[in-house]
Amino acid sequence: MVFTILSIVLWTNDNYNPANFSVNRATIWINCFVGILTIISLWPIGMMFNHTRGLLSSKKIIPKFALYQLALIMSQLQSAIINILAMNGKIACAPPFSSQARGSFMNQQLLIMEMFIVTLVSRIFYRRRYEELDAADEHEEDNKDNARIQLNEDGAQWA
């Protein structure tokens, strides 16, 4: 969001042009930084997945995580590839659309179809009935004992 606002401010000053990828312009640096941050943001999600995979295997967490990764890759990587191809003129222009407009049009059409398929597959995994998780907390009895302690002015007393 910060980079979007920065892009808008730079665009009003004519320093940001999505079609101009020269090194001395802000466009290349903002887009590279956003790409790096997207890749870095996947690291903690992967760490969380690795820690919860064993506990949530009965909840079919692996296909859900795969669908999440697939949606992220399709929405980000596919858009970047199509935009790069369109900016280099590899996507033919068809009047009244320029190469970039046609690339954006193709990207949106592909995303609509792909996300519809991902939605149908996600519905299969998220609408299932699962058995309850086993109690994974080995200190469950300590937690119950601590809940019975009441504190007053004189100190701790058992309820």
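Helix α3 (61–87) gives the largest share of the lining of the largest pocket, nine residues; helices here are DSSP runs of H or I, at least four residues, numbered from the N terminus. This is a predicted model, in which local features need pLDDT of at least 70, side-chain atom pairs count only at pLDDT 80 or more, and totals for chains, interfaces and linings use all residues. Residues are numbered from 1 along each chain as its sequence is written, and side-chain values use heavy atoms, with hydrogens and water left out.

About 640 Å³ of space lies in that largest pocket. Of its 20 lining residues, Asn-31, Val-34, Gly-35, Gln-76 and Ala-80 sit closest to the centre. A pocket is an open set of points on a 1 Å grid over the protein atoms alone, where a 1.4 Å probe fits, with protein on both sides within 12 Å along at least five of seven lines; lining residues have an atom within 4 Å of a point. Volume is the space filled by probe spheres set on the points, which are joined across faces, edges and corners. Alongside α3, α2 also supplies at least two lining residues. By class, the lining has 14 nonpolar, six polar and no charged residues (Ala, Val, Leu, Ile, Met, Phe, Trp, Tyr, Cys and Pro count as nonpolar, Asp, Glu, Lys and Arg as charged, the others, Gly among them, as polar).

The second largest pocket holds about 150 Å³. Its lining includes Met-1, Phe-3, Tyr-16, Asn-31 and Val-34, and divides into seven nonpolar, three polar and no charged residues.
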